[in-house]
Amino acid sequence: MEMKNVVSIRNAVALLILIVLVVLPFVMSGYVVSLVASILAAGVLAGSWNLMAGFTGYVSFGHQAFFGLGAYGTAILVTSLNLGEGSLFYSILFGGIVSAAVAFAFGYLAFILRGPYFSILTLGFSEFLYVIMVNTPWFGGAEGLNLPPVYVLPKYYMVCLVLFVASFIFFYWMRQSKFGFALSTIRQDEDAAESSGVATLRYKIVALTVSAIFPGLIGGAYVWYITYIDAVAAFNPHVAVQMIAITMFGGLGTVVGPMIGAFFFVILSELLWSSMPELYLVVLGITIIFVIEFFPRGIVVRAMEALKTEVV
Amino acid sequence: MSLNENIILEGQKVGKNFGGLAAVKEVDFSIPRGKIVALIGPNGAGKTTLFNIIAGVYRPDYGSIKFGGQDIGGKPPHIICKMGISRTFQIVRSFLQMTSLENAMVGAMFASQSWVGFKEASAKAKECLDFVGLADHANTVTGNLTLADRKKVELAKALAGDPKLVLLDELIAGLNPTEVRGAVELIRKVKNELKITPFWVEHVMDAVINLADHIIVLNYGEKIAEGSPQGIVSDQKVIDAYLGEEYNF
């Protein structure tokens, strides 16, 4: 197949998927809508983790912190001001801003460290926030915070879809931008990047901040959807593990890898969960091992190579 | 030493300790604009450390470094690079997953003080690859190039940001005789055609004597001699510390 054909087919498929995703909540059952919302949310989360690990070369084991910060930011705003459903969008935005602001400050501290030391710090960072939330009554303590019990699935779905598309466009743009170029040099050789005039600290902090905004917004939307948040759910390491697994599944350092990886991963989880709940995690674990062993660069990258198309 | 229009880089009593070890000890140097100054000395003499101090990788413990009259000691590397000092590394550190062209584009885009977009960077990078003789390999991934070619990529990357001074850390070491001749010619061209002043660490003495206008010799972190190539090769201290008795010029 010619390159041009592959590209136009790919664009057509992308457009088709977008149309399906927009129409879906109007025609499908609540179950399907919530399942697809989970896919979209997981894609955004994995893509954000991939911005640091895949593009910048900084592996975070505590990225659930930014999801949790967004969830708490939104929940605290809503509960302390007694807001209703009308505040949904801007309270979610507030969650994203909280997450980004903390990430910005954390970046100054964290980027003194590199490699595994950075990774361990991110692990501690999330645990630190967990302990703070559990022990602070104003943050709801161990009991967490309750939001107004409203049914917001269609809005939740739409927020996830918008974030999915927005993050896709951002990562796609970034790949061919000066910003993406700078991150790539940092990943390959940070000292050489710095010596070549790349203001590495500034770029890393911006990257971390961006990679915290999207999870923060997802966290804010999620808290409206389940109408409740506590520290266990907000700062659950399982969220980070899922980001990592999905990205490895799809393709580290690619734009579409985490997005398509999320689709396979969430569907697979759902099928396993409903058909063999007792073996769910065992089979999922074996599947991840299998994929990483035989497709170490991810299934999406492998497929793109097979189609002889540019790896995006 | 006074502030002189013709001195591009000047260090006074520059020093750096690692723990109890004086890696660089009260070294004075001045690099005249448009001259090739070579820095030689045995392994561990502090040559690369001095380069790292100039490039901002290490903060000097004492002493001052002035570049074009401005104090640069302790500034971060990316700022020093943007001010006009670029460098190549002894152990080649190109971005191995990028093509030669992209590597040179990094220099063009980020070493410049003004905003440089992709188009402009790509044109500048092509020019520099052409200059170092690597135009044929513009789209080759750097990881697939030979050592000699990777060194050329390093040089192209360093030149692409239009520096005033380029620190060359053993650009020639590890090359075969033919490649050495090419590299020597290249350094000469950097000075004559691009009007960029090279400050050059090297072990290959034939090349140094051929090319350098001025030589500074370090040993155990201290400057033990400096002068013209002819003066240096007959200096007893330099012969004892570095060149050896059997070195014949």
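**A tour of chains A and B**

Start by selecting N82(A), which sits in the loop between α3 and α4 (88-110) of chain A; helices (H or I, at least four residues) and strands (E, at least two) are DSSP runs, numbered from the N terminus. The model is predicted, with local features needing pLDDT of at least 70 and side-chain atom pairs pLDDT 80 or more, while totals for chains, interfaces and linings use all residues. Residues are numbered from 1 along each chain as its sequence is written, and chains are lettered from A and ligands numbered from 1 in the order in which they are written.

**Two positive phi values**

Check the backbone of N82(A): phi is about 55°, a positive value, although the residue is not a glycine. N82(A) counts as exposed because it has 8 C-beta neighbours inside 10 Å. The cut-offs are 20 or more other C-beta atoms within 10 Å for buried, 12 or fewer for exposed and in between for partly exposed, with C-beta atoms placed from the backbone.

Next select D162(B), in the loop between α5 (147-160) and β7 (165-169) of chain B. D162(B) is not a glycine either, and its phi is positive, near 55°. With 17 C-beta neighbours inside 10 Å, D162(B) counts as partly exposed.

**Helix pairs in chain A**

Return to chain A and show helix α3 (residues 64-80) with helix α5 (residues 115-135): the two pack at an angle of about 30°, their axes 9 Å apart. Axes are lines fitted to C-alpha atoms, for helices over the stretch in contact, and angles run from 0 to 180 degrees between N-to-C directions. The angle makes α3(A) roughly parallel to α5(A); under 35 degrees is roughly parallel, over 145 roughly antiparallel, 65 to 115 roughly perpendicular and the rest oblique.

To see this contact, pick Q64(A), A65(A), G68(A), L69(A) and Y72(A) on the α3(A) side and F125(A), S126(A), L129(A) and M133(A) on the α5(A) side. Residues are in contact if their C-beta atoms, placed from the backbone, lie within 7 Å. The residues of this contact comprise 6 nonpolar, 3 polar and no charged. Nonpolar covers Ala, Val, Leu, Ile, Met, Phe, Trp, Tyr, Cys and Pro, charged covers Asp, Glu, Lys and Arg, and the others, Gly among them, are polar.

Now show α2(A) and helix α11 (residues 237-250) of chain A, whose axes come within 8 Å and cross at roughly 75°. That makes α2(A) roughly perpendicular to α11(A). From α2(A), select A42(A), L45(A), A46(A), W49(A), N50(A), A53(A) and G54(A); they meet V239(A), Q242(A), M243(A), I244(A), I246(A) and T247(A) in α11(A). The contact of α2(A) with α11(A) has 9 nonpolar, 4 polar and no charged residues.

**The largest nonpolar core**

L45(A) is also one of the residues that touch the most other members of the largest nonpolar core, which holds 175 residues. A nonpolar core is a set of buried Ala, Val, Leu, Ile, Met, Phe, Trp, Tyr and Cys residues joined through C-beta atoms within 7 Å.

Centre the view on I187(B). Apart from neighbours within four places in sequence, I187(B) is in contact with I36(B), L168(B), L171(B), P198(B), W200(B) and L211(B).

**Between the chains**

Display both chains: 18 residues of chain B are in contact with 14 residues of chain A. On the chain B side, the elements giving two or more residues are α2 (77-83) and α3 (100-110). That side divides into 10 nonpolar, 4 polar and 4 charged residues.

How many residues of α3(B) are buried? The count is 11 of its 11 residues. They pack against α7 (178-188) of chain A, together with β6 (85-88), α4 (118-132) and α5 of chain B.

The axes of α7(A) and α3(B) come within 11 Å and cross at roughly 115°. Select K178(A), F181(A), A182(A) and T185(A) in α7(A), then V106(B), M109(B) and F110(B) in α3(B), which they meet. By class, this contact has 5 nonpolar, 1 polar and 1 charged residues.

**Last stop: G11(B)**

Finish at G11(B), in strand β1 (residues 7-18) of chain B. G11(B) counts as buried because it has 26 C-beta neighbours inside 10 Å. Leaving out residues up to four places away in sequence, G11(B) touches V27(B), D28(B), F29(B), G63(B) and I65(B). For a distance check, G11(B) and G41(B) are 18 Å apart, C-alpha to C-alpha, and 30 residues apart in sequence.

Conventions. Contact = placed C-beta atoms within 7 Å.
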